[in-house]
Amino acid sequence: MQREAKTVSDYLDQVPAERRAALEQLRARCRAAYPDAVESLAFGMPSYQREGRVEVAFASQKQYIALYLMKPAVIRDHKAALKGLSVGKACVRFPAPERMDFALIDRLLAASRDSPDAPC
């Protein structure tokens, strides 16, 4: 979804109301997992960067909410836990806010943060 947001707060103000609470919770969890990261918009979505590289990002797309972990090994290592979700190389797509498992998301964020792999 294309937006004219300048900040992450602007971005969240523009998402559909039925998704806003879940995305705000996702933002809070990204901030907690990456306290040393710079929060910004990169590629039109909320992103968390360390040393100038995006480590994690999320987006409200038309058909899903996407969490971009940027480290394919994290997705591979959690394949069983991600069963039933649409998963890409470094992305997890949640079809609806109520399908977001925040305990799983916390594990994914921690694994991504602690992974020695460089972001893709």
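1. Is Ile-105 buried or exposed? In this predicted model, Ile-105 is buried, with a relative accessible area of 0%. The residue belongs to helix α4, which spans residues 102-114. Leaving aside residues up to four places away in sequence, Ile-105 touches Leu-26, Leu-67, Phe-94 and Met-100.

2. Two of those names, Leu-26 and Leu-67, return in the description of the core. The largest nonpolar core has 39 residues, and Leu-26, Leu-67 and Leu-109 are those with the most contacts inside it. The elements that give two or more residues to this core are the helices α1 (8-14), α2 (17-33), α3 (72-77) and α4, together with the strands β2 (45-50), β3 (53-60), β4 (65-68) and β6 (91-94).

3. What does Leu-67 touch, not counting residues up to four places away in sequence? The list includes Leu-26, Ile-105 and Leu-109, and also Val-56, Ala-57 and Phe-58. Ala-90, Cys-91, Val-92 and Phe-94 complete it.

4. The sheet is open and has six strands, in the order β1-β2-β3-β4-β6-β5, with antiparallel pairing. β1 (38-42) and β5 (86-87) stand at the edges with a single partner strand each, so one side of each has no neighbour in the sheet. Helix α2 lies across β1, β2, β3 and β4, and runs at about 170° to β3.

5. Strands β2 and β3 run antiparallel and are joined by four bridges. Tyr-48 has Val-56 as its bridge partner in β3. Val-56 is also one of the residues that Leu-67 touches.

6. How many aromatic pairs does a search of the whole structure find? The search finds one. The pair is Tyr-48 with Phe-58, and it is stacked, at 6.5 Å centre to centre and 20° between the planes. Tyr-48 lies in strand β2 and Phe-58 in strand β3, so the pair ties together parts that are ten residues apart in sequence. Tyr-48 counts as buried at 1% relative accessibility, and Phe-58 is buried at 0%.

7. Phe-58 can also be placed relative to Ile-105, the residue of the opening point. The two are 47 residues apart along the chain, and their C-alpha atoms are separated by 12 Å. Leu-67 touches both Phe-58 and Ile-105.

8. One further ring contact concerns a charged residue. The charged end of Arg-93 sits over the ring of Tyr-64, at 5.9 Å from the ring centre.

Technical notes
Residues are numbered from 1 along each chain as its sequence is written. This is a predicted model: local features need pLDDT of at least 70, side-chain atom pairs count only at pLDDT 80 or more; totals for chains, interfaces and linings use all residues. Side-chain values use heavy atoms; hydrogens and water are left out. Buried means under 20% relative accessible area, exposed over 50%, partly exposed in between (1.4 Å probe, protein chains only). Contact means heavy atoms within 4.5 Å. A nonpolar core is a set of buried Ala, Val, Leu, Ile, Met, Phe, Trp, Tyr and Cys residues joined through side-chain atoms within 4.5 Å. Rings of Phe, Tyr and Trp (its six-membered ring) pair if their centres lie within 6.5 Å; planes under 30 degrees apart count as stacked, over 60 as edge-to-face and the rest as tilted. A charge sits over a ring if NZ of Lys or CZ of Arg is within 6 Å of the ring centre and within 35 degrees of the ring normal. Two strands pair if DSSP finds at least two bridges between them. Axes are lines fitted to C-alpha atoms, for helices over the stretch in contact, and angles run from 0 to 180 degrees between N-to-C directions.
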